[in-house]
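Please look over the model shown here, and then read the points below alongside it.

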Amino acid sequence: MDMELEGYLRPPEYPMAPYPAKVVTLATGAKLVIRQANRDDVPILLEAIRPTLRVPRDYYDIVGVRLYAELLGWYRYRVRDEFCLLGQIDGLLVGIVNSRMFSPEVGISLHTLAIERGLRIGAHLFASKMEHHIEYLEQDEVLITAESPIGFRRWMIEYGLIKRDGQHELGGATPYALTRDLYFAAKHRLVAGERPVPPELLQVAEKEIIIATEDDILEKILGAKRKVLQ
Amino acid sequence: MIPFERHDDDSLVDMLAAAGLRAMDDAGLGDRPVDAVYVGNMASGLFNHQVSVASSLVDRLNLMPAAADRIENGPASGGSAIKNGLLAVASGYYDVVLVAGGEKMREVIGPRSTDIVACMTHPQAEYIYGVTLPAMAGMFARLYMDKYGITRDHLADVAIKNQNNGLLNPYAHIQMKITKEGILTHPQAHINNPVVADPLHLYDCCPVSDGAAAVLLTTPEIAKKLKNTPITIAGFGQATDTHTLQERDDPTDLKAVTIAAEKAFSMAGIKPADIDVAELHDAFTILEIAESEHVGFFKKGQGGEAVASGATQIGGKLPINPSGGLKARGHPVGATGTAQVVELVWQLRGEAGERQVKDAANGFSLNFGGFGNNVVAFVLRRDA
């Protein structure tokens, strides 16, 4: 690799405060650890995303393909100021969100992928992403769009987002904004999590990102749980 | 019966046909003709832009020239369809009747689905003010809790029990264990389990599901010749109440539930205490408790403690909703009454697998139409 040329191709980056890990108690009683991914984690994350690429249900294919490309771009230094948060239960990867800084003041929400469904894991991860933008990166607002009805309901309606003029960078869709005021107004009912994460939970999460088999991932997404019927 | 879930790739008639075929196959009907088909369905015109589904089902199953009717009684459409099939056979006019209940609700988005279901409320006195079934259940729950000392802890007990039972039922839409910590006691449980209509929260409400269930009704004489063990409908009852809740002397008094149940027990010649397993209409957790009291299983105000004590669990004194109920099995509105009876048939035959209630001989189902304004109850019996 010609590092001189690579230096031209790689985008500059803003300094970014780290996201402190937290733990969310789910309806099942399970402990969801949400923490920031490292760039080196990307290859295993791509493995987990790959089964979704051909699942049209609930737009998993579009979200999966785009998330895959965005993380790959981050891994190989082709996306600027991106961050990625992971959700893990006992080390098992159950969801991924990513986002980036458009400027020091404005964040761009990219994608939310829930691998385990029905437990608001996607909602918890999205809320964590907003928490990072507003509370740790101290941005003024985050621009958001949705590619699925579920996303639209979760983000635009639950947070009461404000419609903005212009285009979101995800294909020019209509952007909505989460402002600091909106975030703090919604925080008590939508943003969960406790810090610090008990060491035994954090160690398990950091030791290994366990990914389910392709069949299990598809089963979780498609809800096709019934292999044997009466 | 087919699994209740999201059936993206199946039409309503596909689901009804699949459930109907399973019922006919289960009975071992062979070449014997079906005289009539009754379809329990609430709102296919609104959900799926299709009406005359009974006619369509007969054609799909190649049962012509069987008579075909769609029966609509809101969320009790399935129960009403069975009742009409039962009367048709009992009258002697038909020998074999197929009853299928079904609804495909996930074709529309959640708020639209809630709005369609709300069409059963009084148009001028209720709907126009924005009431939905969750809102109505919320108001009912608040009154019932205040009057009888039912707590959110009791409601959570119902939700946890029924979701545990759903884990044992491969036909259940929701297959997820929940804990009291996760939905009630943890300081952040309100984020997992947000308010839907105070005091009811997300996990107090049934999911919106697609699904279908079917039963085959015939005379005792023909039933004896079929391959599988027949179960007898020993009693049924149906009763109505005022359309609006506000017109009732006491909105917490579900008179139609009490009367329908009394009629069913009377016809069967048994008492509530003789029931071994029950399927109640727990569209909202409060309803399982209120119905269990109104049908006579427990005294008023004791239904909550009965759940808390474990009496209504599988293995308890009176297992209620071993299928997972509407809460976990799901509530495709037109299918529910039929699915309740299918579950009782499996229980009484000893075919309910991991959720089997030991030595069940008498079963009871209650299908709650409107907000308790048109209720259908059945007593089923396994004959020795």
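The points that follow take up a sheet, a chain contact and a helix in turn.

1. This is a predicted model, in which local features need pLDDT of at least 70 and side-chain atom pairs count only at pLDDT 80 or more, while totals for chains, interfaces and linings use all residues. Residues are numbered from 1 along each chain as its sequence is written, and chains are lettered from A and ligands numbered from 1 in the order in which they are written.

2. In chain A, an open sheet of mixed pairing is built from eight strands in the order β1-β2-β3-β4-β5-β6-β8-β7 (strands are DSSP runs of E, at least two residues, and helices runs of H or I, at least four, numbered from the N terminus; two strands pair if DSSP finds at least two bridges between them). The edge strands, β1 (22-25) and β7 (162-163) of chain A, each pair on one side only.

3. Strands β3 (residues 82-89) and β4 (residues 92-101) of chain A run antiparallel and are joined by eight bridges, with E82(A) standing opposite R100(A) in β4(A).

4. Between the chains, 25 residues of chain B are in contact with 18 residues of chain A (C-beta atoms, placed from the backbone, within 7 Å). On the chain B side, α8 (180-185) and α9 (189-192) of chain B are the elements that give two or more residues.

5. Helix α15 (residues 336-349) of chain B has 13 of its 14 residues buried, so it is largely enclosed by the rest of the structure (buried: 20 or more other C-beta atoms within 10 Å of the residue's own, C-beta atoms being placed from the backbone). After α15(B) comes G350(B), whose phi is positive, near 75 degrees.

Definitions and conventions
Contact = placed C-beta atoms within 7 Å. Buried ≥ 20, exposed ≤ 12 C-beta atoms within 10 Å, placed from the backbone.
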